[in-house]
Amino acid sequence: MDKDRIAGSAKDFAGKVEGAVGDIAGDEKTQAAGRTREATGAVQNLYGQAKDAARDATDAAVSYAKDAYDNSGDTFYDGSQALAKKVKDNPLGSLLIAGAIGFALALLMTRPPRRAPPRWRYYG
């Protein structure tokens with residue numbers, strides 16, 4: 001829990017008490033001060049909640065990334081084993097797929113031929 005949440009809750013409670021005292025005494029200045037302190041406390045409490053939420057989200061993202069990094073070796077090994085089994089079961093299909101991928105990469109890497117610059121002719 002963030003210290004802003006604690007301070008905000010305390011100000012909110014103090015503002016409610018001050019507003020109630022102003023209501024009982026009939027003093028509008030005390031009522032207004034209580035409402036102001038209550039609003040300030042609510043805003044500070046919300047700010048603390050936002051900080052807690054951001055901290056929790058950051059911690060969750062860090063733990064997720066760490067778990068993904070720790071398990072990446074196992075995932076890579078399992079994927080390579082599954083690929084080796086598929087190639088062993090169907091070598092011709094694997095060869096055709098590898099050839100198609102190579103052909104597609106070759107098409108992507110080649111440049112189109114250069115065009116000659118336009119020639120300007122004078123027809124006069």
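Begin by selecting Lys51, which is partly exposed at a relative accessible area of 27% (buried means under 20%, exposed over 50%, partly exposed in between, with a 1.4 Å probe and protein chains only). The model is predicted, so local features need pLDDT of at least 70 and side-chain atom pairs count only at pLDDT 80 or more, while totals for chains, interfaces and linings use all residues. Residues are numbered from 1 along each chain as its sequence is written, and side-chain values use heavy atoms, without hydrogens and water.

The side chains of Lys51 and Asp4 form a salt bridge (3.0 Å, N to O), that is, a side-chain nitrogen of Lys or Arg within 4 Å of a carboxyl oxygen of Asp or Glu. This pair links distant parts of the chain, 47 residues apart: Lys51 in helix H2 (residues 28-89) and Asp4 in helix H1 (helices are DSSP runs of H or I, at least four residues, numbered from the N terminus). Asp4 is buried, at 12% relative accessible area.

Move to Arg37 and Glu18, whose salt bridge has its closest N and O atoms 3.5 Å apart. Arg37 lies in helix H2 and Glu18 in helix H1, so the pair ties together parts 19 residues apart in sequence.

Then select Asp23 and Arg35, joined by a salt bridge (3.6 Å, N to O). Asp23 belongs to helix H1 and Arg35 to helix H2, so parts twelve residues apart in sequence are tied together. Asp23 is partly exposed at 43% relative accessibility, and Arg35 is partly exposed at 44%.

Finally, select Leu108 in helix H3 (residues 91-109), which is exposed at 70% relative accessibility.

Methods. Helices (H or I, at least four residues) and strands (E, at least two) are DSSP runs, numbered from the N terminus.
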